[in-house]
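Subject: Handover of a structure

Hello,

Please find the structure below, followed by notes on what was found in it.

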Amino acid sequence: MAITNSPEYSVSELSNALKRTVEETYDHVRVRGELGRVTVAKSGHVYLDMKDDKAVIDAIMWKGVASQLSFRPEEGLEVVATGRLSTFPGRSKYQIIIEKMEPAGAGALMALLEERKKKLAAEGLFSPDRKRALPFLPRVIGVVTSPTGAVIRDILHRLDDRFPRHVLLWPVLVQGDKAAEQIAAAIEGFNAIMPGGAVPRPDLLIVARGGGSIEDLWCFNEEIVVRAAAASEIPLISAVGHETDTTLIDYASDRRAPTPTGAAEMAVPVRLDLLERLDGQRQRLGAALLRTLEHKGADLRAAARGLPRPDSLIADKTQSLDYLQRRLGPALQSGMERRANRLALLEVRLRPEAMARDVAERMRRLEDLSRRLKAGLSQQIAPRRQGLQASAQRLVPQRLARMTKDKGDALSQMMARLGRAGQAQSKAQALRLKSLSSQLEAYSYQGTLQRGFALVRDEAGHVVREGRALAYGTGLSLTFGDATRQVQVLGEGDVIAPSPSVKSKPRAKAKPQTPPEQGSLF
Amino acid sequence: MSESTPQEITNMPFEAALAELERIVQKLESGDVALEESISIYERGAALRAHCETKLKDAQAKVEKIMLGEDGKISTAPADLDAR
């Protein structure tokens with residue numbers, strides 16, 4: 001080992017020497033770079049990477065510094081950080097301890113803003129369909145803003161001028177790293193108030209902040225704030241910064257007011273205007289009713305004038321009645337007279353002498369007719385009587401007897417011939433019968449019975465051809481070759497194949513007493 | 001005008017009540033209304049007007065501050081804003 005005069009450090013000594021050197025040499029630096037990974041530790045300290053295209057340096061921002069930031073450090077954001085370098089001897093790593101950090105120029109922030117705006121717009125958060133109308137006269141207005149400063153005072157003053165209302169202020173930070181979280185929580189908190197609870201639910205929200213730099217207003221560009229505003233069920237007015245400042249919450253809100261004062265003007269109508277308008281309506285309402293009543297009254301009077309006087313309505317009728325009454329007496333009188341005259345005329349024609357003359361005349365005609373009837377009758381009878389006598393003389397009994405005898409002889413002869421012929425005929429018939437009998441015998445079923453078939457008859461002696469319909473217990477007679485025996489049906493009928501053309505296997509058990517095709521035996 | 005106001009009018013938003021009142025006035029003014037109806041709509045108009053007046057009288061400023069409890073419940077307290 002070469003002897004040198006180089007001093008020998010312990011690792012700790014070297015590390016501490018380096019730490020001193022680094023801290024003394026770089027106790028105040030400004031460095032520009034892009035933010036890499038950003039980690040917020042539980043402690044609240046923020047650990048970041050700063051980088052450019054060739055190098056990376058660790059950076060740390062203590063909790064106190066981080067809370068002062070006007071924007072949220074994000075990966076990709078270009079920043080200018082001011083601080084000092086230090087090392088951490090435990091790992092011999094150096095890092096910049098940031099005391100102040102700003103976005104590197106407005107351009108960088110605007111680019112970030114534009115990108116986020118596009119992303120949220122693509123989700124539909126800014127869609128005009130989502131905008132709701134503000135209530136005409138809200139009962140309770142929820143205001144999300146800082147409890148200190150001019151903004152809340154401006155809003156309250158303008159509300160007082162126009163229409164004093166119940167205002168609920170939800171105090172929030174409107175700048176710094178906690179601001180976005182608090183604003184979003186306030187919007188959600190107002191929406192979470194249930195109607196009818198101890199705290200009244202606002203029917204309108206105003207989210208407001210005074211003017212400031214783009215960094216100051218940055219929390220109103222944060223995604224959680226924009227999302228909370230878009231999700232708010234209560235209509236929401238955004239009033240952030242001055243008229244020229246537009247933050248993303250303005251796109252998501254239902255109305256954007258140029259200033260906090262403007263928000264108050266949008267929120268409520270002017271009470272005095274309304275009172276005036278209402279008073280005008282009241283006067284017109286009363287006047288209109290009066291005028292209507294007057295018109296109706298006038299109409300009524302005009303209509304009444306048009307009505308005829310009641311006595312004039314009946315005058316004519318009265319006159320007609322009088323006239324008719326006057327005519328009624330005489331008319332009755334003359335009617336009676338006319339009828340009396342007609343009666344007198346009829347009475348003249350209805351005298352007893354006239355009637356007696358009538359009856360005598362009819363009697364005479366009746367006698368005349370009966371006389372002529374008698375004479376006519378005897379005149380008709382006499383010629384017929386003579387005709388009858390002539391016919392009777394021609395009716396002789398001997399002729400009749402002879403005719404009878406002749407016909408009797410002929411009959412006897414015929415009878416004798418018939419007897420002879422009948423005998424001959426009978427003999428021939430007997431022979432024929434005999435031959436037929438023997439033929440018949442040859443075809444008789446008796447032969448069939450000898451072959452083992454039986455003939456079935458019912459109690460009435462009819463041949464039974466079908467066994468299906470036979471009831472249990474029915475009496476039958478079976479004729480065998482040598483004798484006839486009485487039997488009774490037992491068991492239920494097994495249906496044999498319904499058609500003889502179907503070949504069914506004969507069942508061993510089925511022994512029908514009547515063969516289904518008995519008819520074919522003959 | 002101490003007649004009892006129908007529940008339906010009591011719950012009406014101011015704007016809707018005012019708009020109906022205006023319609024009633026116009027209808028009455030047109031004169032084209034039957035007598036019976038003119039009286040009944042007048043009565044409704046009067047009730048609407050009273051309702052609107054009540055809403056307009058209810059114009060007291062009240063400013064409260066939300067207090068966030070530890071359990072996440074909220075309550076209110078009168079706001080003493082420094083500059084008021």
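**Helix H11 of chain A**

Helix H11 of chain A (residues 352–394) has 43 residues, which at 1.5 Å a residue should span 63 Å; its end C-alpha atoms are 66 Å apart, in agreement with that. The number of buried residues among the 43 of H11(A) is zero, so the helix lies largely in the open. Please keep in mind throughout that this is a predicted model.

**The two chains**

Chain A contains 13 helices and 13 strands. Of its 522 residues, 29% count as buried. Among the contacts in chain A with a separation of 6 or more, 63% are accounted for by residues 24 or more positions apart.

Chain B has 84 residues, of which 33% count as buried. It holds three helices and two strands, and from the N terminus on the order is α-α-α-β-β. For chain B, residues 24 or more positions apart make up 43% of the contacts with a separation of 6 or more.

Two packed helices are described by the angle between their axes and the distance between the axes.

Within chain B, helix H2 (residues 14–30) packs with helix H3 (residues 35–57) at an angle of about 150°, and the axes are 9 Å apart. The crossing of H2(B) past H3(B) is left-handed. On the H2(B) side the contact includes B:Phe14, B:Leu18, B:Leu21 and B:Leu28, and on the H3(B) side it includes B:Ile41, B:Tyr42, B:Leu48 and B:Leu56. By class, the residues of this contact are eleven nonpolar, three polar and six charged.

Helix H9 of chain A (residues 271–306) packs with H2(B) at an angle of about 30°, again with a distance of 9 Å between the axes. With that angle, H9(A) is roughly parallel to H2(B), because angles under 35 degrees count as roughly parallel. H9(A) passes H2(B) in a left-handed crossing. Residues of H9(A) in this contact include A:Leu274, A:Leu278, A:Leu285 and A:Leu289, while those of H2(B) include B:Phe14, B:Leu18, B:Leu21 and B:Val25. The contact of H9(A) with H2(B) comprises eleven nonpolar, three polar and five charged residues.

H9(A) also meets H3(B): their axes come within 10 Å and cross at roughly 165°. That makes H9(A) roughly antiparallel to H3(B), because the angle is over 145 degrees. Here too the crossing is left-handed. From H9(A), the residues in contact include A:Leu274, A:Leu278, A:Leu285, A:Leu289 and A:Lys296; from H3(B), they include B:Ile39, B:Tyr42, B:Ala46, B:Arg49 and B:Glu53. This contact has twelve nonpolar, four polar and six charged residues.

What does A:Phe136 touch, not counting residues up to four places away in sequence? Its partners are A:Ala267, A:Pro269, A:Leu274, B:Phe14 and B:Glu15. A:Phe136 sits in the loop between helix H3 (105–122) and strand E6 (140–145) of chain A. With a relative accessible area of 25%, A:Phe136 is partly exposed. A:Phe136 and A:Ala267 are 131 residues apart along the chain, and their C-alpha atoms are separated by 7.8 Å.

A:His157 belongs to helix H4 (residues 150–162) of chain A. A:His157 is likewise partly exposed, at a relative accessible area of 43%. Between A:His157 and A:Ala264 there are 8.7 Å in space, C-alpha to C-alpha, and the two are 107 residues apart in sequence.

Is A:Ser15 buried or exposed? A:Ser15 has a relative accessible area of 8% and is therefore buried, the cut-off being under 20%. A:Ser15 lies in helix H1 (residues 11–25) of chain A. Leaving aside neighbours within four places in sequence, the contacts of A:Ser15 are A:Thr87, A:Pro89 and A:Ser92.

Regards

Definitions and conventions: Residues numbered from 1 in each chain as written. Chains lettered and ligands numbered in written order. Predicted model: local features only at pLDDT ≥ 70, side-chain atom pairs only at ≥ 80, totals over all residues. Heavy atoms only, no water. Axes fitted to C-alpha atoms, helices over the stretch in contact; angles between N-to-C directions. Helix = DSSP H or I, 4+ residues; strand = E, 2+ residues; numbered from the N terminus. Parallel < 35°, antiparallel > 145°, perpendicular 65-115°, else oblique. Left-handed = near helix turned anticlockwise from the far one by under 90°. Contact = heavy atoms within 4.5 Å. Nonpolar A, V, L, I, M, F, W, Y, C, P; charged D, E, K, R; others polar. Expected span 1.5 Å × (residues − 1). Buried < 20%, exposed > 50% of the residue type's maximum accessible area, 1.4 Å probe, protein only.
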